[in-house]
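Please look over the sequence and the model below before reading on. The text then goes through the structure one part at a time.

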Amino acid sequence: MKDKELAKEIEEILEDNRQMPERVNARLNLQLVDCSREEGFTEFAFDVEEWCLNPYNGVHGGIICTLFDTGLGIGAVAITQKMVSTTDIAVSYLRPMNGSRYIIRAEYTQVGRRMVRSTGKAIDAETGVVCATSMASFVLTESRKKGLQV
């Protein structure tokens, strides 16, 4: 793990997600692989489950978009210590995602006072093939600590 401090922040967010097991962020069951605030990236592993499949036994396109939205968003929250809302997201589906495990890699191309911009790749963990890419922007809202109060 390149950045232990950022990893701790991300693990806290993932644990917060696990406290709501019926919600999509928890059901995705993302696992942190690596991250670096200095290099501006996060990587999550995603293990494909039956509920994620389309009729052709590949990962459903909506789930792929959700993986990017969630993975890139978690990193944005951890890096900025602000809650975020997605302002736009675009996904390019390059190849069917018929494997069993994927790495969702996010790169944060711009981290500002109001917005975070990022790109993402869904990489087949077995073959290293990029199956989908994404671009997403997030607007920063209240502080993370305040935003997590219920």
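This is a predicted model.

At the N-terminal end, α1 is capped by D3, which places a side-chain oxygen 3.3 Å from the backbone nitrogen of E5.

Is E9 buried or exposed? Its relative accessible area is 17%, and the cut-off for buried is under 20%, so E9 counts as buried. In sequence, E9 and I79 are 70 residues apart, yet their C-alpha atoms are 8.3 Å apart in space.

The next topic is the nonpolar core. The largest such core has 35 residues, and I10, L30, F46 and L72 are those with the most contacts inside it. At least two residues of this core come from each of α1, β1 (31-36), β2 (41-47), α3 (61-80), β4 (101-111), β5 and β6. Which element supplies the largest share of this core? That element is α3, with 10 residues.

L72, one of the core residues with the most contacts, shows what such a position touches. Leaving aside residues up to four places away in sequence, L72 touches L67, I104, A106, Y108, S118, T119, G120, A136 and F138.

The strands remain. Strand β6, residues 130-143, pairs with strand β3, residues 82-93, in the antiparallel sense over 10 bridges. Within this pairing, V84 has L140 of β6 as its bridge partner. Strand β5, residues 115-124, also pairs with β6 in the antiparallel sense, here over 9 bridges. G120, one of the residues that L72 touches, stands opposite S134 in β6.

Strands β5 and β6 form a hairpin with 5 residues between them. In this hairpin, G128 takes a positive phi near 80°.

Terms used
Residues numbered from 1 in each chain as written. Heavy atoms only, no water. Pairing = 2+ DSSP bridges. Helix = DSSP H or I, 4+ residues; strand = E, 2+ residues; numbered from the N terminus. Core = buried A, V, L, I, M, F, W, Y, C linked by side-chain atoms within 4.5 Å. Buried < 20%, exposed > 50% of the residue type's maximum accessible area, 1.4 Å probe, protein only. Contact = heavy atoms within 4.5 Å. Polar contact = N/O pair within 3.5 Å; in protein donor to acceptor, adjacent residues only side chain to side chain.
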